[in-house]
Amino acid sequence: VAACLARIEATEPKLRAILHLGAESALEKARAMDAAGPDPAKRLWGVPVLIKDAICVADAPTTCASKILENFVPFYDATCVEKLKAAGAILLGKANMDEFAMGSSTENSAYAVTANPWDTSRVPGGSSGGSAAAVSAGQCFAALGTDTGGSIRQPAAFCGTVGIKPTYGRVSRYGLVAYGSSLDQIGPLTRTADDAAAMLTVISGHDPRDSTSAPRPAPDFEALLAGAGDLRGLTIGLPDEYWGEGVDDEVRAGCQEAVDAAKALGATVVPVSLPHTPYAVATYYIVAMAEASSNLARFDGVRYGYRAPEAVTLEELYELSRSKGFGPEVRRRIVIGTYVLSAGYYDAYYRKAAQVRRLIRQDFLDAFAKCDVICGPTSPFAAFPIGQMSGDPLQMYLSDIFTISLNLAGLPGLSMPVGLGKDSGLPIGMQLFGPAFDEAAILRTAKVLG
Ligand code: GLN
């Protein structure tokens, strides 16, 4: 803990990955644990972790990087946080993010723009950019992120870390501030696949407080990974749609090298197709914004956070608190989301998106009939310069092309580092997708390749 805090002190002025640091209490906790001696029953005994600021930690600010939650301090722990604490992890603080997890660069935070530790003029990715930058810079050994459309995997790729989005329902969402409830999943960002397996084992499992949590026991992923040495018997599917046009050469080359390494380790590689990929961005942004507009209705200036002091009538209270409390990207999404759900447009947009979502999911089910894991780049390009896309939301949305289908399908996916780009010198991330509840397959593949 002391080493991580020293690292935080040295790197934080440039990185700004952390929104709230609980330095003193983390040290106190560590000292007390040292005095009591190690507890082998606790899988994460003494491991310093950071938590994305969308996840509730009792008595710590939880702002979602939004002004509207500026002074919000929850009185309870999210289930995943409760489980981390029970496993002996030490919480260092809360990590920066795009406001309400809306973005792909962490530039939408109301408080700070996080820098990429590999090149501080570039973004760390988003929305879990603070978590990814912190793990990559050694500020902590693991961090929790959330992934609605790539927000764990894309920042992991940009910062050279491992990041896994579990199957929908694997990890309880109780205590996570909802963005797109049918898409959101909490997952770890770590340096290695083994660390991800340890974290995932701890946070997984059925939770009666989340009605979408899957009623199945959580496997010991760490044990399932033990002894993994080669990839004999594994069939990897390469979707044409993820390897063609629009992907930077250095990204394709980095991922291709990893696929070649997998072949050398005994894997069989087959072509597969995810033909509805071109519709993924449109479908995702309709579903996600619709759900967001509904979820964010609860921030009304009455129950949580910012309340416009000048409001006189109830309507003014809503209007002023919400228009001042929410940042521009969040407001844009509430407006679009409300539009696609409104009478007369629901059938044209939301219903149609829900139908296409089904087709996107079917693509994956068909592909998994031919292979065990699916593999492709996490992002079409490496980390981009701060400011490059912040004025162009559509461009930013389009950059999510390779991560969002998986959330629409509810399946697990992982991003792992595959070296540095030949042109940019920046980390390149490769994704592995697995069938529902088979996180072990992608973790094992990542471990062997890593
Ligand atoms: N970039 C996507 C969005 O802005 C994904 C974000 C996420 O996964 N939370 O919606």
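Trainee: Where is T106 found?
Mentor: T106 is found in the loop between strand 3 and helix 4. Helices (H or I, at least four residues) and strands (E, at least two) are DSSP runs, numbered from the N terminus. Residues are numbered from 1 along each chain as its sequence is written. This is a predicted model: local features need pLDDT of at least 70, side-chain atom pairs count only at pLDDT 80 or more, and totals for chains, interfaces and linings use all residues.

Trainee: Is T106 buried or exposed?
Mentor: T106 counts as buried, because it has 34 C-beta neighbours inside 10 Å. A residue is buried if 20 or more other C-beta atoms lie within 10 Å of its own, exposed if 12 or fewer, and partly exposed in between, with C-beta atoms placed from the backbone.

Trainee: What is the phi of T106?
Mentor: Near 65°, a positive value in a residue other than glycine. Most residues other than glycine have a negative phi, and most peptide bonds are trans. F437 is not a glycine either, and its phi is positive at about 65°. F437 lies in the loop between strand 11 (427-433) and helix 16, and is partly exposed, with 19 other C-beta atoms within 10 Å.

Trainee: Which residues does the cis peptide bond join?
Mentor: G126 and S127, with omega about 10°. S127 lies in the loop between strand 3 (90-95) and helix 4 (129-136).

Trainee: New topic. How many residues surround the ligand?
Mentor: 13, and the closest are A101, S104, T148, G149 and S151. Near here means that the C-beta atom, placed from the backbone, lies within 6 Å of the molecule. The shell divides into four nonpolar, seven polar and two charged residues. Ala, Val, Leu, Ile, Met, Phe, Trp, Tyr, Cys and Pro count as nonpolar, Asp, Glu, Lys and Arg as charged, and the others, Gly among them, as polar.

Trainee: Now the helices. At what angle do the axes of helix 6 and helix 16 cross?
Mentor: The axes of helix 6 (residues 193-203) and helix 16 (residues 439-449) cross at roughly 155° and come within 8 Å. That makes helix 6 roughly antiparallel to helix 16. Axes are lines fitted to C-alpha atoms, for helices over the stretch in contact, and angles run from 0 to 180 degrees between N-to-C directions. Angles under 35 degrees count as roughly parallel, over 145 as roughly antiparallel, 65 to 115 as roughly perpendicular and the rest as oblique.

Trainee: Which residues make that contact?
Mentor: A193, D194, A196, A197 and L200 of helix 6, and E439, L443, A446 and K447 of helix 16. Contact means C-beta atoms, placed from the backbone, within 7 Å. By class there are six nonpolar, no polar and three charged residues.

Trainee: Why is helix 6 described as largely enclosed?
Mentor: Because ten of its eleven residues are buried. Among them are D195, M199 and V202. Just after helix 6, G205 takes a positive phi of about 125°.

Trainee: And how do helix 10 and helix 12 cross?
Mentor: Their axes cross at roughly 100° and come within 7 Å, so helix 10 and helix 12 are roughly perpendicular to each other. The contact divides into eight nonpolar, three polar and one charged residue.

Conventions
Contact = placed C-beta atoms within 7 Å.
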